[in-house]
Amino acid sequence: MNTRRLANAFKRLTHLPLNKNLLLYTSNKLHHFYLKLAGSTKVAYPSTVMLELTNRCNLRCTICPRESEYGNQMDKGNMDVQQAKSIVDELWPYLDSIGLTGMGETFLYDDLEEIVNYIKAKNREIIISLSTNAVVPNFIEKAKRIVDKVDTIQISIDGVGDTYNSIRKGSSFELLSNNIKELAKICKNTQTTLMLNMVATKENHTDMASLVKFASESEVKYVDFTLFNLAAVTNQEISYYSFYKSPAFISSLNSLEKAIGQHPEVTVTNKNFTTNNSFQKCPFPWTHFYITWDAYIVPCCAKPFPKEMNFGNVRGRKVIDVLNSIQYQKFRKMWFENKAPFFCKKCHFLNIEPVR
């Protein structure tokens, strides 16, 4: 566990509710462990959940599923404020953390501050995180309203300079760079941590080391690297994954390691690209449950398209009832049998061989 997650975990443990809700929280944890030990296909109330407040976006990034078949077919909109509050009302006594980002740009959701305040009013120590491209109009003014309320703001960057501009269509690296540096100053001495996130691809892998240097120059403490997930990217063949075994990518990883050594003030939180090809590697049947803007619960954040697969809608229905629906339990049964459904085709949990 990295230092950022350790700090959040410690913060949460030292600020548990000292009232009747502590009993709810503790009994739910015990119920979770009992179900796990029993090998049940049911789950307890979630300790973490992802709310897709919006799936609208101001960019057209070349590597985003929005630009593929699934994204072109999806309905677009914003989560109703009362619906978001209703979900929080049901889940907050059990939550350790909540993410407020999905397939869209979080800061396009006009009621973001209201939702953050609502969560904090329930329990100020629930860990709140969100992701952003950091280039929406008036970004700094919008971000100021939630700094020191949310715990992590993750900024998607996918390269530096011209590389970034070629991938993040409709954006500008100069604008992004200025916004990141200004936001880092605003977040200084607050509880809000900044993290840069880059999806390593054929187009940008040579920028991994440069991104660590950029983070240092921008006074951003954390950088996260992930591999391209093709589960919802229909215009790429599964053979793409062989690139991550290539000498070119290994060379970029070596350059990244060197940059990490040169910039100890930056923590790279996910650079271990070793993985096992297995459905049981996937944590999402059991945690980080994803609720779309239109209130569907879908299998995961990599492919959050209800028209392709969903386990039910929480409008007028409890979240826990959908989480333990017959459809969801059948999905988890496949996980126990290590038989991935067709829905998971091309997912990197299944198809990327260990890089090292």
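Predicted model: local features only at pLDDT ≥ 70, side-chain atom pairs only at ≥ 80, totals over all residues.
Helix α4 covers residues 81-91 and helix α5 covers residues 112-122, and their axes come within 11 Å of each other and cross at roughly 20°. Because angles under 35 degrees count as roughly parallel, that crossing makes α4 roughly parallel to α5.

If you look at where the two helices touch, you will find Val-81, Ala-84, Lys-85, Val-88 and Asp-89 on the α4 side, and Glu-114, Ile-115, Tyr-118, Ile-119 and Lys-122 on the α5 side. Sorted by class, the contact of α4 with α5 has six nonpolar and four charged residues, with no polar ones.

Let me stay with α4 for a moment. How many of the eleven residues of α4 are buried? Eight of them are, so the helix is mostly covered, if we take buried to mean under 20% relative accessible area. The buried residues are Val-81, Gln-83, Ala-84, Lys-85, Ile-87, Val-88, Glu-90 and Leu-91, and you will notice that charged residues are among them, including Lys-85 and Glu-90. The buried residues of α4 pack against several elements, namely the strands β1 (48-51), β3 (97-99) and β10 (289-291), and the helices α5 and α11 (319-323).

Now please move to a loop, the one between β4 (127-132) and α6 (139-144), where Asn-133 is found. Is Asn-133 buried or exposed? Its relative accessible area is 3%, and so Asn-133 counts as buried. The side chain of Asn-133 is joined to the side chain of Asn-58 by a polar contact of 2.9 Å. Leaving aside residues up to four places away in sequence, Asn-133 touches Asn-58 along with Cys-57, Leu-59, Glu-105, Ser-156, Tyr-164, Arg-168 and Leu-176.

My last stop is Phe-225, which is found in strand β8, residues 222-227. With a relative accessible area of 0%, Phe-225 is buried. Which residues does Phe-225 touch, not counting those up to four places away in sequence? They are Met-198, Met-208, Leu-211, Val-212, Leu-256, Val-268, Asn-270 and Phe-273. Finally, Phe-225 and Asp-158 are 67 residues apart in sequence, while their C-alpha atoms are 9.2 Å apart in space.

Methods. Residues numbered from 1 in each chain as written. Heavy atoms only, no water. Axes fitted to C-alpha atoms, helices over the stretch in contact; angles between N-to-C directions. Helix = DSSP H or I, 4+ residues; strand = E, 2+ residues; numbered from the N terminus. Parallel < 35°, antiparallel > 145°, perpendicular 65-115°, else oblique. Contact = heavy atoms within 4.5 Å. Buried < 20%, exposed > 50% of the residue type's maximum accessible area, 1.4 Å probe, protein only. Polar contact = N/O pair within 3.5 Å; in protein donor to acceptor, adjacent residues only side chain to side chain.
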